[in-house]
Every structure is written in structure tokens, then in C-alpha cells.
Amino acid sequence: MAASGDLVAAWDVPLPDGVHKVEFEHGTTSGKRVITVDGKEIYREDWMFKLVGKEHFQVGNAKCVISIDAVSGFAYEYLLEVNGKPLKKFKENQSKIQRAWCLKIAGHNFRVCLEKNTLYVYVNGDKVDTFVKFTDEGAETHFEIGAHSAVIKGYTTGKRKDGVQHKLFVDEIEIPEAKE
């Protein structure tokens with residue numbers, strides 16, 4: 001993306017296929033609005049009379065809305081909603097319903113995501129075939145990343161408030177959970 005003095009907001013949106021960077025440009029004299037997702041421009045309006053309002057767009061399957069509100073004089077506030085929730089609330093909800101891990105195999109980056117409510121596993125955004133094996137410690141969800149064996153082990157700590165914990169192992173090596 002070319003550098004612009006009109007860039008007013010940037011957000012990171014965590015989804016099963018990865019963390020997407022959403023950037024918003026707003027020309028406060030021209031009304032220009034530009035939305036960029038992961039460096040690719042998805043919306044542009046170079047001239048708008050109305051300086052406030054909402055812009056609707058999608059990131060993958062997520063429905064997003066940027067709200068532009070005047071706060072005082074020529075100062076504006078920019079808020080991002082994802083699937084009907086403010087971004088902060090959406091991120092909190094995502095951290096409750098999904099677990100994600102990022103790893104590199106043979107020079108290729110992979111993001112593995114487990115949706116806890118469905119137990120679907122995604123690798124780089126694509127749902128993969130899995131099979132579940134129950135053990136004395138909990139459940140193991142087996143799948144493959146290319147020619148590599150992977151398993152997500154679900155277990156309980158014995159503390160009710162902790163719920164079910166999950167760890168990813170690829171070729172029997174534990175992968176640390178992604179920060180977002």
C-alpha cells in the first residue's frame with residue numbers, strides 16, 4: 001500500500017484463516033474513504049460529501065462495519081465492528097471459542113485453528129479432515145499438515161473454571177499457542 005497521510009486507523013482481526021490487517025483512510029476534507037485488507041485495497045471512494053457514516057465490507061466470512069463519527073470540530077472517531085460486535089468484544093469472544101497455533105515447516109508458514117464449539121480444525125483457513133481418539137487423559141484430534149502428523153490434545157486440569165485445555169503437537173513436538 002502506498003503511504004498516505006489519510007490513514008486514520010488500523011486493526012488486526014483474528015479469524016480461523018489468520019490475523020487480517022484492516023486499514024482505513026479517511027480524507028476529512030474530501031470525504032475520501034479507502035479500506036485495505038492485508039495490503040489489498042477492497043474499497044475506494046475518492047469524493048464524498050458526507051464525512052460521517054458507515055462502511056460495510058467482508059473479511060473472509062466475517063461481516064465488518066467501520067463507523068465514522070464526529071467527536072468535535074474536525075475530529076473523528078473510527079470504530080470497527082466484526083460480526084455485529086465491537087472489535088474488542090469480538091476478540092474476547094474469539095479467544096473463548098478458538099485456539100490457534102502458528103508454525104513453520106520446511107520454510108512454509110502454517111496457521112492451525114481449532115474451533116472449540118464445533119471441534120473443526122482449519123489449516124491456513126481450509127477445514128481439514130480429522131479423526132478423534134479418546135484416551136484416559138482426554139480427546140486427541142488427529143489430522144495432517146502436508147506429510148506431517150498433527151494432533152490436538154484436549155484435556156482437563158481438574159479445575160472447573162479452566163475448562164478444557166488444548167495443545168498442538170506436530171511430529172510429536174509441542175507447538176506454542178499463537179498470541180492472537
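Predicted model: local features only at pLDDT ≥ 70, side-chain atom pairs only at ≥ 80, totals over all residues.
**View 1. Val-8 and its neighbours.** Setting aside residues up to four places away in sequence, Val-8 touches Phe-24, Glu-25, His-26 and Tyr-78, where a contact means heavy atoms within 4.5 Å. Val-8 is found in strand β1; strands (E, at least two residues) and helices (H or I, at least four) are DSSP runs, numbered from the N terminus. With 35% relative accessibility, Val-8 counts as partly exposed, on a scale where buried means under 20% relative accessible area, exposed means over 50%, and partly exposed lies in between (1.4 Å probe, protein chains only).

Residues are numbered from 1 along each chain as its sequence is written, and side-chain values use heavy atoms, with hydrogens and water left out.

**View 2. The salt bridge of Asp-6 and Lys-32.** Here the side chains of Asp-6 and Lys-32 meet in a salt bridge, at 3.0 Å from N to O; the term stands for a side-chain nitrogen of Lys or Arg within 4 Å of a carboxyl oxygen of Asp or Glu. The pair links distant parts of the chain, 26 residues apart: Asp-6 sits in the segment before β1 (7-15), and Lys-32 in the loop between β2 (18-26) and β3 (33-37). Asp-6 is partly exposed at 26% relative accessibility, whereas Lys-32 is buried at 13%. Glu-25 joins them, and Asp-6, Glu-25 and Lys-32 are linked in a network of salt bridges.

View 3. How far apart are the closest N and O atoms of Arg-33 and Glu-55? They lie 2.6 Å apart, in a salt bridge. This pair, too, links distant parts of the chain, with Arg-33 in strand β3 and Glu-55 in strand β5 (residues 53-59), 22 residues apart. Arg-33 is buried, with a relative accessible area of 2%, and Glu-55 is buried at 8%.

**View 4. Lys-167 and Glu-174, a partly exposed pair.** In this salt bridge, the closest N and O atoms of Lys-167 and Glu-174 are 4.0 Å apart. Lys-167 is partly exposed, with a relative accessible area of 30%, and Glu-174 is partly exposed at 42%.

**View 5. Stepping back to the whole chain.** The secondary structure comes to one helix and 17 strands, and the structure holds eight salt bridges. The C-alpha atoms fill a box of roughly 65 × 40 × 20 Å along the principal axes. Of the 180 residues, 39% count as buried. Among contacts between residues at least 6 apart in sequence, 27% join residues at least 24 apart.
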